[in-house]
Amino acid sequence: MSKTSVLYDAPGPRARQRNVLISVVFVAALAAFAWWVLSALNDKNQLDLAKWDPFVTDSRVWTTYLLPGLQETLTAAALSLVIALPLGALLGIGRMSQHWWIRRPSDVIVEFFRSIPVLLLMIFANQAFAEWANIDRDIRPMYAVITGLVLYNASVLAEIVRAGVLSLPRGQTDAANAIGMRKTQAMVYVLLPQAVTAMLPAIVSQLVVIVKDTALGGAMLGYGELLSNTRLVAGNYSNTIAAYTVAAALFIAVNFLLTGFAGWLEGRIRRGRRGTGAVVPHDAGEESQTAGAGLPAPALGKGATLPGGTDLPSAGTGTGSGTGDGGPAPGSS
């Protein structure tokens, strides 16, 4: 008889054997496909050691093509994120506004630019800069790539911000309103700081998408990013597979570093919030006793002393702290 799990029935002996058989067949099929691909590449002399030599023996491959391309990729991605993140935050907050003249335009902007492929936004931006802006032709592709990435990713980040804020308990907003905060203050000081931790993984995922989408500008607009320069390496050295493998490794390394940094930052934020706590200052405690401000006095633990060095009486000594006449507490014998 199979054991019952919370989400599904645990597989029995036959089901486990069938799963193992399916896994073995899948791994064998995957290995056969990989062997066929490598054999085809070897027949085309794409796996020869000479194809990989330029990356070790010729420094121009790195100084002329790969490193400048990587720099352009990171520059476009960084500028796009720096502009898109605050813009997306404003649009996301605008979509939650109770004023229709703020909410409706924000809805239209987000839905419009989120529905258009980022490549079309880059092409339209490049043509607009060519027609109506006095931008040098050499740097125009970079402006077009950044513009397309900002318009698209700001719309996506707006939905991330909105989802992060709406994921918070309703009591957070009610508590902020109860202490007299305005809507803007509650959003800036209460809701957004708490939603950052929930939004961080999605924001980093979008940053990874931005890094990869810079390749669209190189393919269509001639922007000198990493993938575009890799195409030049493959053409000059006739090592297509090796060149694109190295480019893929660089993309993987960059995105891995971004993901690792985001994980470290998220953990640090969580640890910082667990380590902080509200502390009532000594002056506030005195004010609550003298002026009746209603602030609770700090709790005194076991072994604490009162002002003047007097020991704190322990429970059950018959001090009559709650009776008012010095007698024993009600219910005591």
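The structure is a predicted model, in which local features need pLDDT of at least 70, side-chain atom pairs count only at pLDDT 80 or more, and totals for chains, interfaces and linings use all residues. Residues are numbered from 1 along each chain as its sequence is written, and side-chain values use heavy atoms, with hydrogens and water left out.

The chain contains eleven helices and zero strands (DSSP runs, H or I of at least four residues for helices and E of at least two for strands, numbered from the N terminus). Of its 333 residues, 30% are buried (under 20% relative accessible area, with exposed meaning over 50% and partly exposed in between; 1.4 Å probe, protein chains only).

Phe 26 lies in helix H1, residues 13–43, and counts as exposed because its relative accessibility is 57%. Together with Val 27, Leu 30, Phe 33, Trp 35 and Trp 36, Phe 26 forms a nonpolar patch on the surface, with about 790 Å² of accessible area in total (residues with over 30% relative accessible area and no salt bridge, nonpolar side chains being joined within 5 Å and like charges within 9 Å).

Glu 225 is located in the loop between helix H8 (183–220) and helix H9 (226–237). The side chain of Glu 225 reaches the backbone nitrogen of Leu 227 at 2.7 Å. Glu 225 is buried yet has no salt bridge (a side-chain nitrogen of Lys or Arg within 4 Å of a carboxyl oxygen of Asp or Glu).

Conventions: Lys and Arg count as positive and Asp and Glu as negative; His and the chain ends are not counted. A polar contact is a pair of N or O atoms within 3.5 Å; within protein, one must be able to donate a hydrogen and the other to accept it, and residues adjacent in sequence count only if both atoms are side-chain atoms. Accessible areas come from the Shrake-Rupley method with a 1.4 Å probe; for residues, only the protein chains shown count as cover.
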